[in-house]
Amino acid sequence: MGEFRFMQGNEAMTEGAIAAGARFYAGYPITPSSEVAETSSIRLPQVGGLYVQMEDEIGSMAALIGASAAGKKAYTATSGPGLSLMAENLGVAVMGEIPCVLIDVQRSGPSTGLATKPAQGDVLQARWGTHGDHSIIVLSPSSVQDCFDLMVTAFNYSEQYRTPVIFLSDEIIGHLREQVILKGPEELEIFERPEPTGDPKDYRPYDHSNGLAPLSRFGSPYVFKVNGSMHDEWGRPCARPDNADRIIRHLSEKIEAHAEEIAITRRYHMDDAEIVLICYGGAARSALSAMKKAREKGIKAGVLQIVTLWPVPDKEIREALAQAKAVIVPELNLGQYIGEVEKRNEKNIPVIGVNRIDGQPIVPAQILAKIEEAAK
Amino acid sequence: MIKDYLFEEKLPLFWCAGCGNGIVLQAILRNIDKRGFTRENIVITTGIGCWGKADDYVTTNSFHGTHGRALPFSTGIKLANPSLNVFTLMGDGDGITIGGNHLIHAARRNVDLVAIMVNNLNYGMTGGQYSGTTPKHAITKTSPYGHVENGFDVCKVVQAAGAPFVARGTVYDVVQLDRLISKAIDHKGFSFVEVISPCPTHFGRSNKLGDAPKMMQWIKDNTISREKAAGMTSDELQGKFVTGIFEEREQEDYSTAYQKVIDSLRGGENE
Amino acid sequence: MKTQKEITISGVGGQGMILCGTLIAEAAAVHEHKRATLSSEYGVETRGTFAKSDVIVSDEEIYFPDVTEPDLVVCLHQVAYARYSGKVGDALLLFNSDEVTPDAAAEGIQKGLPITQMAKELGNPQTANILTMGIIAGLTKVITPDGAKEAIRKFFHGKSDKVIALNEKAFDLGYKEGTKLQEGAI
């Protein structure tokens, strides 16, 4: 049985991480994510885990990856400016295929921007923030319950696919307080890192010819090398063109080929929906409110909420486009995810953005006005 | 056998003739071997640069991350599993230039690891540009008219930042280097050793210091023990490499201190 | 028919609006088994600039967590009053008359209570936020005194009995004043 609590999104993320088995946090406090750091510093030592505050976000990301390579499930929390600093070492986690979870509680940017105000301006940075071709998993919560439940999913995906996962929250959800059920271990499915098997002499952490190779941990009999430079199956440097081709394709395909399994979406009143709102994160709350108001007015509005932003839930978006007369995409940015919808708009129906970048949430009336216009 | 820690098929080392990196790597592996550490319980972390390639040659666990970030990677590794023996290898670019902030905080935080910074006074791998240790007036690829900045005295920086063990040696005096690394390994806490090493290909050539043997001679001629240096003025010490142990004191390391916090909260309760 | 109550508690940073709002929402969710949310807005400064808490209590799931159709707007500071006065429709605007000079010409229903003075008379000006919580509970009845006190006791857990008793007293006083206002005003 779970525990019924009333708490903040940021706090629920900490509880979710601990429930997922995370025992290591390295970070640098930044508004509006600092409560994740504060609650982690209280909670982790209580469960035998460790909180360390690093000198900056570059060091935080490095420590996180180091801890994971040594066998601990590890996470950090930041906001836009910190995400920019973490981008470099995020690439080490991608290249080294080291699981970890990076929480970004988005605030208004660019630069220092509006530190306390919500935004969803990091959607494309989460996808492409670190240089070079790669794929990545990005999850977007829209409630305090999500902050707990999806955090467990984030760790599971991270271990299952040997990849960093970005938990892309925003100030609205991070600071929102509402009820949450903190599920107990018996209600949660936790993916634990598989141990390598066979002769340690033959252990090749980057040989994915028979499915994803299990990742060892420093200190185990399976000695291994992590290398941010291009490497072979053993983790030793290797600059051969065919090897580079293999590795880069693998880093992308190990995620893209499983996009359907990774995809999480939610459908609200979609069965007969003619006007579909495609939304995520804090803006999904505005969209759901607008949908409810539209239904009260007799308009057949529905919501397709995207929880897995990356890889893109291709099938679900295509289905929504196939059934809708018009699609509305509310975002707290100038239109970062709408491009993914437009890309799939084969019937060429109206795809309308509702965008707000003044540090204020999108009010349902703004979306409702677009729904009414589109329904005419 | 020191060979157990070396990938023989990777030899010969890719470093230039006359480079000191091989000497330092050997000194580290000799000490590791002497203590009977195993490939399994060692992690060698490196940065980026010539010295950052050292992990290519070792058979132990290794982590080759990003330029300047070897220390925070090591911090995560050691704190996650305090039973590991963590060695962090950095050049002067890694250690005190791009990674200077990590260095001073690692010294302050006092995580129990050995950090060995090879200082060849310039960026070797990228072709000999100036670093944070390049001396004033030195010629490099990016100070063609003579360097206008001063270089760091890295040991002083690390000492001031609170590291409990700080020492400097050179690749000329291998006996001393062995002893310094040995003491660093035995010292619980953040143990820092700076090793002065020649880069005949770039720093040596740009500053007309001659070939590899001449550069070794140049290091020898400019090395002064800490004891001797004590009586000299700063003018007299200009351009000299002062060697020896600058700091050696007991101080509770991070993992021990944090474990006390955990124990106080959990009161003997098992997870 | 509106099934949810929307309350804005506004002032400047440091006046305890978030605590006040959190305890109301928590009491509603945990003790009254209703749906409740608390969202807040604040500036980069911890003290002195406009800040507010939005509390929504409903029998149904709450989607958008910011107040758009307020039932009650509380202004604890002139800065907040200036923002809301005349702009809250049919909602009651309640202000702290010790901090706010009301605009007699403003439209809408406005009532003042000397919250700072009342808290001082209780013996501690810091009880103003719990007193405000009581006033809001009395005015709106979104939470019961029993539920409110459970939330208060939980928050002050570990503090002395004296502190807890004082805050309960602050709530009771606020609740009484709020109920009186409600009977006369709404």
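1. Residues are numbered from 1 along each chain as its sequence is written, and chains are lettered from A and ligands numbered from 1 in the order in which they are written. In this predicted model, local features need pLDDT of at least 70, side-chain atom pairs count only at pLDDT 80 or more, totals for chains, interfaces and linings use all residues, and side-chain values use heavy atoms, with hydrogens and water left out.

2. In chain B, five of the five residues of strand 1 (residues 42–46) are buried, where buried means under 20% relative accessible area, exposed over 50% and partly exposed in between, for a 1.4 Å probe and protein chains only. Helices (H or I, at least four residues) and strands (E, at least two) are DSSP runs, numbered from the N terminus. Ile42(B), Ile44(B) and Thr46(B) point one way from strand 1, and Val43(B) and Thr45(B) the other.

3. Strand 1 of chain B pairs in the parallel sense with strand 3 (residues 85–91) over five bridges, pairing requiring at least two DSSP bridges between the strands. Four bridges join strand 1 to strand 2 (residues 61–64), again running parallel; Val43(B) has Val86(B) as its bridge partner in strand 3 and stands opposite Asn61(B) in strand 2.

4. Over all chains there are 46 salt bridges, each a side-chain nitrogen of Lys or Arg within 4 Å of a carboxyl oxygen of Asp or Glu. One of them joins Asp245(A) to Arg249(A), with the closest N and O atoms 3.0 Å apart; these residues are four apart in helix 8 (residues 241–256) of chain A, so about one helical turn separates them.
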